[in-house]
Every structure is written in structure tokens, then in C-alpha cells.
Amino acid sequence: MRRQDKEQTSKKGGGTVGTGGGPGSCTVKTSGACSYTNFVAAFGSEAAAKQASQICNAESGGVVQAVSKTDIMRNDPQKRAFSFGLFQINLTQHAVGGFNCPAAFNGKNYSATVKNESLYRQCVAVAKSVSGNVQEAVATYKRSNWREWSTGKKCGLAEAERSPLAFLRGVSLMP
Amino acid sequence: MTKQRLYIVIGAVLVLVAIGVFVAVMYLSNKAPEGSDPATGSTNPFGQMLTPGGVSGTGTGTVTISTESGESVQVPDFKKGREPLTTPNGNYYNLYGPEYSTEGFTFSVQYGEMDSQFLVMLISEPIGSARTDAEAYLRNLLSLSDQELCELNIDISVTPDVNEAYSQYSDLGLSFCRGSVTLP
């Protein structure tokens, strides 16, 4: 509601578009680090870029150096995070910027612990950069669309991006 | 020692004491009280803790930023001493926020140079209290009144992992600005 007020008075054109996105955090952004215009070249089309904008906004709110509040290594004494940046790249699962980040950990996800401090810090630094984060997000998207992001489903994108043969679900191929 | 010499020595001592008092008074009058808001003189609840990177609201330089209506405002140079995050779309400054763990942090603030936007993320519950912390930080950082802060391009939001319900709002607003969302 307030966003609409701001857009009406803003000379900079506001921050969201009215179509194509969900409410709030799933909105397609037209300004800031999650603006879809930033992603067109990397994701290859305007449609994919708008979806990327939704995921980006839902994951980080556009904070380039976002540190996950929930993706925390339970057994880490400092309770450090393992997901960072615009698309909240999970470093226990993904390489970034040419660094083999999963090798920085013993285990994966919440049960992970850091076994290589130097590599962990390097990976965090790259994941907190726009280029390093978006590069891995693009690679992941090309592999599995938005299914690896929990927000993909929340924003209604994981459903939309299902297999082209999905229409066959429920249709018996047996005689 | 003759009486004349004694007077000279006493006079010299008095002059030196007077110079010392003058210098001390000048120094103390130019020094702002620690932990105070330079704009209002009120107590800053955060002291210097929330201004890492050598930037504070009492910096000597100033920087010009735009309001939402496109007017210019001069504020203390909060960019001084901070490395920008350079992107093809412009520079971002991470003004305040966690590095590896969100423990102990209630909010983060990022500044986008291209549109003079302060992006505040609330990262802990209760988010109403987190927003109050962020407001105090911005007030101190920018040396602006609440009314002046309302004119700036400040977006306050929360991600679903912190608060699902309030993540539905694109901008929660500053609590004292018109149209802001009331938070728990």
C-alpha cells in the first residue's frame, strides 16, 4: 500500500511493476540490486530475468551482502551461515567464482562445519559480490530452473517451471 | 632573587597558566559529547558501535544525496572509509550488517548510490524493535530529523525466513512516517 504511495510521488519511477510478480517479497523489482533489468543479459530473456528478480527479492530483499538468518551451521561455535548474497547461494552445495566451496566444509547444509577457514572466507566474499552470486544463480537456474530455491515454490515459479511433459501427469499411458 | 625577578617569574607563570586554560577551553568546546546525536544532542543508544568502518554522524566531510522527490540533501559523509561494492549497475555500500553470522544483529543497511536508496533489512524478531534500532542508526548516521528522514528513499523490508507475514510488504516504512506499517 505504501509502495503505491511512494511510486506515485517518486520521480525515479518507483521500485516494482504491477504485473508478473507476486505480492511483497515476490515482486518483480524495477530498481535496486534485484531489478530485473540487471538480469536480462545473464538469464537470457526478459521473462527469466523477471522471475530471477522475484527470487532475488524473496531471498535477500536486494541486499547484496545478505547473510542468511536461517541457513546456519548448527555445530559451528560462531553459528555462522552457509548461504549468502542476492540469491542466497548455499556454499555447502555450490561452487562460486571458481572456488570449490563445498570442499570448505565437512558435511552439508545445517550439519556442516568449516574445515577450511581460508576457503570458506574466500567463498563468502565471492558469494557476497553481485557477479559471483548471479553467475552461480544462472548456472543453477539453467540446471534445474527455480526448484533449488525454496522461494521458487513460494513465488509460484517452481510450479511454472516444471517439465514440459508435466501435462502428461495423471494421464495413464497404459492401455 | 630580587623582588623584580620574582615578579617576572610569577608573571610568566600566570601567562602560561592562562594560555593553558584558553587552549583547554577551546578544545573542550569543539568536542561533541561522545555517544550523542549531532543533530539533536540527544543520547545515541548505540554510541559508536553501529558505525564500523570509520564513519560516523560527526564526520567532517559531507555528501549530497537525493530525496524521493529529487531534491538534494547534504549529510555527513557516511561513505568515507568504506569500500563500495562496484557493479555494472552502480555502487553499493554495506553500511551496517553481519559478516558471517546474523547473531547479535537486528538489521542491516545498504546504500545504493545510483538512486540514493537506503535499503534496510530487518533480520531478527521482534521486527518492530529491529526497525526502531534501524531508525536510531539512520538518525545518527545522517544527522537528520524524523521528518527529514521521511523525505529520503528508505526501503524497510523483511525476508520470509524472518517473518513470513510481513515479508508480503514491499516497504514497511519508517514508523514515524505517513503510511508506515505497524509492526509487532
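A salt bridge here means a side-chain nitrogen of Lys or Arg within 4 Å of a carboxyl oxygen of Asp or Glu. Keep that cut-off in mind. This is a predicted model, and every value I give is computed from it.

Let's start inside chain A. K50(A) forms a salt bridge with E46(A). Their closest N and O atoms are 3.4 Å apart, so the pair passes the 4 Å limit. Where do K50(A) and E46(A) lie? Both sit in helix 3 of chain A. They are four residues apart, about one turn of the helix. Over all chains, the rule gives nine salt bridges.

Now the interface. How many salt bridges does the rule find between chain A and chain B? One. The partners are K154(A) and E164(B), whose side chains meet at 3.4 Å, N to O.

Which helices of chain A supply at least two residues each to the side that touches chain B? Helix 1 (2-9), helix 3 (46-60) and helix 4 (117-127). Helix 1 of chain A gives the most, with five residues. By class, the side of chain A that touches chain B has 11 nonpolar, 16 polar and 14 charged residues.

Next, the extent. 41 residues of chain A are in contact with 39 residues of chain B. Between them the two chains bury about 3300 Å². Of that area, 49% is on carbon and sulfur atoms.

On to the sheet in chain B. Strands of a sheet pair through backbone hydrogen bonds, either parallel or antiparallel. In chain B, five strands form an open sheet, in the order 3-4-5-6-7. The pairing is mixed. Which strands are at the edges? Strand 3 (85-87) and strand 7 (153-157) of chain B, each pairing on one side only. From one strand to the next, the twist averages 20°.

Strand 4 (residues 90-96) and strand 5 (residues 107-112) of chain B run antiparallel, over four bridges. N94(B) stands opposite Q110(B), which is in strand 5 of chain B.

Last, two backbone points. Most residues other than glycine have a negative phi, and most peptide bonds are trans. A cis peptide bond joins E125(B) and P126(B), with omega about -5°. P126(B) is in the loop between strand 6 (117-122) and helix 2 (127-142) of chain B.

Then chain A. K79(A) is not a glycine, yet its phi is positive, about 50°. K79(A) lies in the loop between helix 3 and strand 1 (83-84) of chain A.

That's the tour. Over to you.

How values were computed:
Residues are numbered from 1 along each chain as its sequence is written. Chains are lettered from A and ligands numbered from 1 in the order in which they are written. This is a predicted model: local features need pLDDT of at least 70, side-chain atom pairs count only at pLDDT 80 or more; totals for chains, interfaces and linings use all residues. Side-chain values use heavy atoms; hydrogens and water are left out. Contact means heavy atoms within 4.5 Å. Buried area is the accessible area (1.4 Å probe) that two parts lose on being put together, summed over both. Ala, Val, Leu, Ile, Met, Phe, Trp, Tyr, Cys and Pro count as nonpolar, Asp, Glu, Lys and Arg as charged, and the others, Gly among them, as polar. Two strands pair if DSSP finds at least two bridges between them. Axes are lines fitted to C-alpha atoms, for helices over the stretch in contact, and angles run from 0 to 180 degrees between N-to-C directions.
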